[in-house]
Amino acid sequence: MADVHLSQVTKRFGKVLAMDQISLAVHSGEVVALLGPSGCGKTTTMRTIAGLETPNAGNIYIAQHDMQGIPSHKRAVGMVFQDYALFPHLSIQDNIAFGLKMRKVASTTVRSRVHDVLKLVHLADLPGIEQRYPHQLSGGQRQRVALARSLVTAPQVLLLDEPFGALDKKLRESMQVEVRLLQQQLGITTIFVTHDQEEALTLADRIAVMRDGRIEQMGTPHEVYESPRSRFVADFIGVSNFFSGNVEAEYEGGLLLRTVHGMPIWFKPPLRQPLAVGDTVQLALRPEKVTMLPCDDTAMPYAPFATVQHIVYLGTVTHYYTRTMQGEEIIIYAQNQDMGHRSPVAVGDVMSLSWKPEHLLVLEAD
Amino acid sequence: MRWRRRIATWAPWGMLYGFCGLMLLFLVAPIVIVLLVSFADAEFVYFPPPGFTLRWYAHLGRMEGLVPSFLLSLRLALLVSALALLLGTTASLALVRYTFPGRQWLNTFLMSPLIFPPIITGIALLQFFSTLGIRATFFTLLVGHTLITIPYVVRNVTASLQGLRSNVEEAARLLGANPWQTFWHITLPLIKPGLVAGGIFAFITSFDNYTISMWLKSAEDTPLPMRIFFYIERVMDPSVAAVSGVMIVFSIVLVIVTEKVVGLSRAMNV
């Protein structure tokens, strides 16, 4: 298996800067998600690794070999396209065998390798699958074939371009688990592109959050979710409540922020982010980290009171949209547990909100 | 009241079928008449035929220069289609796959033989060849016919290439196929309908061309359409209808072969 290394790679399309000096290291056997909104450069990044685009500057290394001047067909990179790109005029057998035939593998070996890889993607039990044509298969089956086709040549790196985008939700979730298990079984270095944060969290060892041709933050799912560096990351991965304002005073070993709406918030900045009175700060707070209590049982200094404005019941969780007396809007996700003797919260109720100060994330200025 | 509703229901269908029937009649009637005349037991083209005979078909072999002309036209049309396919396909690839200055202009230029009156194109080519001191031979016919058939290939192949998703070619590249293998194993089979349709159009256009051949043919070579015309000028007997009969059968065979090879509707991009 091989690692993939990008060093200061830049790619321009006319005036558009699709990749702006991107550096990225993907370790051998790792799964990395390139996550971002459309136009952030994630697909271009993948295509330059595949050799389908030539960078304007910078270097790409696969297994420590510089890929400059090496065409796609000599890179030992497998790729599954968003729409699978199966060859419509070839049977499933010939689709999967294509890579082997290009490598002049003996036809007896081809047969057994195709069968093995069909077994790997759980298609071997489908009678007569080899003789069918792509248009005769369902979306999920086509994806399995595309995966089999890219794996049969034992590539060093597997690239997946929005691999589950065309599948419905149930199938998507089961395919995600299946692909992850398959990847772990083969230990193949995998890079995939997605705009779906949930998919990135489910599949990736590390996530590179991209924006405007740059990597905004790279880290494990836990890191990017729990300590997003910027508002963009906090907003793109999961949902966040944002507070911006100025540091008003030091208070009880922490700082007191006065939001633009005039709400006081007490927080403890981490040591790596020293702040002083007067600084402008932006804080993020995940909705599931907020606790809602009846007015009389408050749990923290400056606990804000908020009126419930809208309730969305989703089975396992309920989303509460609240507004504080100062006018800050705060979303709260609460697990639906047995409420005991307490009456359920209703629209119009005034509640006391609380959270642990360490859950307030200090964001870097954009 | 009931008959009124019945008319309202059936009148549109009746009109549709009536219209289609008339169209078919209009298209097929001349062919049927020619076929009937070719069997006519008469000394002149005469309709309705007074009796039926096969003697005009037997007469074909004795018609002066008919067989050499047929073979010449066949050879010419086959070579022209091959050449037009080669040049037209490569031109289409350039037009579809690359953006370069003057691309639209080149496209219009390649289509211009369709817009230019063929008689003008013929004169222009004749002057061009005589300026260069090239005598009219099979070669000049080949060049002239290829020129006017390229647009048919470019049109059909361009349509096929535009319908082709470029990522199947990328997928082939990533599976280890070099650009030539990708073209041979992936692109070519997928644009086959366009190639077949373009090839057929080129063949037919060359096979029954008169206006270009008229200027570019040599004294000894006479393509079939010109041979038929010369013959009609002298005698108007049903042997000409018999020649047409052979050509009609020939066309039907071509249609059947196309249908078997690619499916006619796919070949014609409908």
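## Polar links between the two domains of chain A

Five residue pairs are in polar contact between domain 1 of chain A and domain 2 of chain A, both residues of each pair being at pLDDT 80 or more, in what is a predicted model. On the side of domain 1 of chain A that touches domain 2 of chain A, at least two residues come from each of the helices α7 (221-226) and α8 (231-236) of chain A. Sorted by class, that side of domain 1 of chain A has four nonpolar residues, one polar residue and three charged residues.

The count of salt bridges between domain 1 of chain A and domain 2 of chain A is one. The side chains of K289(A) and E226(A) meet in a salt bridge, with a distance of 2.9 Å from N to O; the residue E226(A) falls within the range of helix α7 (221-226) of chain A, and within the bounds of domain 1 (2-235), whereas K289(A) falls within those of domain 2 (239-362).

## Extent of the domain contact

Chain A is divided into domain 1, covering 2-235, and domain 2, covering 239-362, and eight residues from domain 1 of chain A and eight residues from domain 2 of chain A take part in the contact. The C-alpha centres of domain 1 of chain A and domain 2 of chain A are 40 Å apart.

Between them, domain 1 of chain A and domain 2 of chain A bury about 800 Å², and carbon and sulfur atoms account for 42% of this area. On the side of domain 1 of chain A, the residues that lose the most area to domain 2 of chain A are Y225(A), R231(A) and A234(A), which together make up 62% of what that side buries.

## The interface of chain A and chain B

The contact between the chains takes 22 residues from chain A and 18 residues from chain B, and the area buried between chain A and chain B is about 1,800 Å², with 67% of it given by carbon and sulfur atoms. Of the area that chain A buries against chain B, 32% is supplied by H73(A), H89(A) and M102(A), which is more than any other three residues supply.

Across the interface of chain A and chain B there is one salt bridge, and five residue pairs are in polar contact, with both residues at pLDDT 80 or more. R47(A) and E170(B) form a salt bridge in which the closest N and O atoms are 2.7 Å apart.

The side of chain A that touches chain B draws at least two residues from each of α1 (42-50), β6 (77-80), α2 (92-102) and α4 (139-151) of chain A, and α2(A) gives the most, with three residues. By class, the residues on that side of chain A divide into twelve nonpolar, five polar and five charged.

## Aromatic pairs

Over all chains, the structure holds 16 aromatic pairs. One of them is formed by F39(B) and Y57(B), a tilted pair with 5.3 Å from centre to centre and 35° between the planes. Because F39(B) lies in the loop between α1 (2-38) and α2 (55-59) of chain B, while Y57(B) lies in helix α2 of chain B, the pair ties together parts that are 18 residues apart in sequence.

Definitions and conventions. Residues numbered from 1 in each chain as written. Chains lettered and ligands numbered in written order. Predicted model: local features only at pLDDT ≥ 70, side-chain atom pairs only at ≥ 80, totals over all residues. Heavy atoms only, no water. Domains from an automatic or database assignment. Contact = heavy atoms within 4.5 Å. Buried area = accessible area lost by both parts, 1.4 Å probe. Salt bridge = Lys/Arg side-chain N within 4 Å of Asp/Glu carboxyl O. Polar contact = N/O pair within 3.5 Å; in protein donor to acceptor, adjacent residues only side chain to side chain. Helix = DSSP H or I, 4+ residues; strand = E, 2+ residues; numbered from the N terminus. Nonpolar A, V, L, I, M, F, W, Y, C, P; charged D, E, K, R; others polar. Phe/Tyr/Trp six-rings, centres within 6.5 Å; stacked < 30°, edge-to-face > 60°.
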